[in-house]
Amino acid sequence: MSNRVVCREASHAGSWYTATGSQLNAQLEGWLSQAQTTKRPARAIIAPHAGYTYCGACAAFAYKQIDPSITRRVFILGPSHHVPLSRCALSPAEVYRTPLYDLRIDQKVYADLWKTGMFERMTLQTDEEEHSIEMQLPYTAKAMESHKDDFAIVPILVGALNESKEQDYGKLLSKYLADPSNLFVISSDFCHWGQRFRYTYYDDAQGEIYSSIEHLDKMGMSIIEQLDPISFSNYLKKYRNTICGRHPIGVLLNAVEELKKNGIDMNCSFLNYAQSSQCRNWQDSSVSYAAGALIVH
């Protein structure tokens, strides 16, 4: 029997972000130095997962709200882009590599989650092909570097959940969200606009296309800030906005809803918004990014 540790390689290093540790460290430090600490310590953050040249500066606003001195576990919820998944899945790995340092998975929490019967086990190939969790790892490593031996991660790949499943997973994860030593990272980009995304919603009252996209995204962001999962579902049904992390966001909102029943007071606010480019005509395309933080009072 082999005792070899199963590692997930940093498969998108060298393409979506630099594979050189010192260079990556300098980039992350640069972006973080431009962001303000306004919502610290965050219990959950919402951060984008595109290539760092597009969204690194935006993501810094979310990661700046983390307090590494109290964080012992980082739950990372990312949407599945490549494999059809109707539930949530756990990784077969024990260690996630990053160009900064390796992150270990909390095997005790993983065992507890597995016992619920609500999770599938993804293959290592699926894990390495997916970017939504990986793009949070270098930033997590950087934000936590002062306590790098004191924390573990809990990566969860979130499938195309219906509303009742979002509620089930929200209930299940709410006890972890209630614990101040846990941090939730919700991986999501916002509107994917253009013919290549088959989404070209346009409200001409907003003027330029990019202003219409921003208006649409900010409508969704303000609904997320209200922490009401039903309003968020209704918004998605009405506008079909292509928010790729809508299911991880839905799970978070349902976990919050569960804690609100116990009288726990929380508030969520977005701290930064950006677009990969400004769409002005029907041939253009863009992806939007937003950084948010949830505070528990």
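I began with strand S2, where S2 and strand S12 (residues 286-296) pair in the antiparallel sense over three bridges. The model I am reading is a predicted one.

**Entry 1: strand S2 and its partners**

Ile46 has Gly292 as its bridge partner in S12. I then checked S2 against strand S9 (residues 182-187). Here the sense is parallel, and four bridges are found. Ala44 has Phe184 as its bridge partner in S9. I noted the general rule: strands of a sheet pair through backbone hydrogen bonds, either parallel or antiparallel.

Which way do the S2 side chains point? Ala44 and Ile46 point one way, while Ile45 and Ala47 point the other way. I also looked up burial for these residues, and all four are buried.

**Entry 2: the S1-S5-S6 sheet**

Next I went to an open sheet of three strands. Its order is S1-S5-S6 and its pairing is mixed. Strand S1 (7-8) and strand S6 (103-104) are the edge strands, and each pairs on one side only. I looked at the join between S1 and strand S5 (residues 95-96). These two run parallel, with two bridges between them. Opposite Cys7 I found Val95 in S5.

**Entry 3: the whole chain**

I stepped back to the chain. I read nine helices and 12 strands for its secondary structure. The C-alpha trace spans about 65 × 45 × 35 Å along the principal axes.

Why do I call the chain's radius of gyration in line with a compact globule? With 297 residues, such a globule would have a radius of gyration near 19 Å, and the chain has 18 Å, so the two agree.

I checked burial next. Of the 297 residues, 54% are buried. For contacts between residues at least 6 apart in sequence, 82% join residues at least 24 apart.

The chain exposes about 12,700 Å². Carbon and sulfur atoms supply 47% of that area. For charge, I read 29 positive and 32 negative side chains. The centres of the two sets lie 3 Å apart.

**Entry 4: backbone exceptions**

Most residues other than glycine have a negative phi, and most peptide bonds are trans.

Where is the cis bond? It joins Arg40 and Pro41, with omega about -5 degrees. I placed Pro41 in the loop between helix H1 (21-34) and strand S2 (44-47). That took me back to S2, the strand that pairs with S9 over four bridges.

I looked up positive phi values next. Arg198 is not a glycine, yet its phi is about 55 degrees. I found Arg198 in the loop between strand S10 (192-193) and helix H7 (209-225).

Leu227 is not a glycine either, and its phi is about 60 degrees. I found Leu227 in the loop between H7 and helix H8 (229-239).

Are these two residues buried or exposed? Arg198 has a relative accessible area of 78%, so I log Arg198 as exposed. Leu227 is at 4% relative accessibility, so I log Leu227 as buried. The cut-off I used for buried is under 20%, and for exposed over 50%.

Methods: Residues numbered from 1 in each chain as written. Predicted model: local features only at pLDDT ≥ 70, side-chain atom pairs only at ≥ 80, totals over all residues. Heavy atoms only, no water. Rg over C-alpha atoms; globule rule 2.2 N^0.38 Å. Buried < 20%, exposed > 50% of the residue type's maximum accessible area, 1.4 Å probe, protein only. Contact = heavy atoms within 4.5 Å. Areas by Shrake-Rupley, 256 points an atom, 1.4 Å probe, with all protein chains shown as cover. Lys, Arg positive; Asp, Glu negative; His and termini not counted. Charge placed at Lys NZ, Arg CZ, Asp CG, Glu CD. Pairing = 2+ DSSP bridges.
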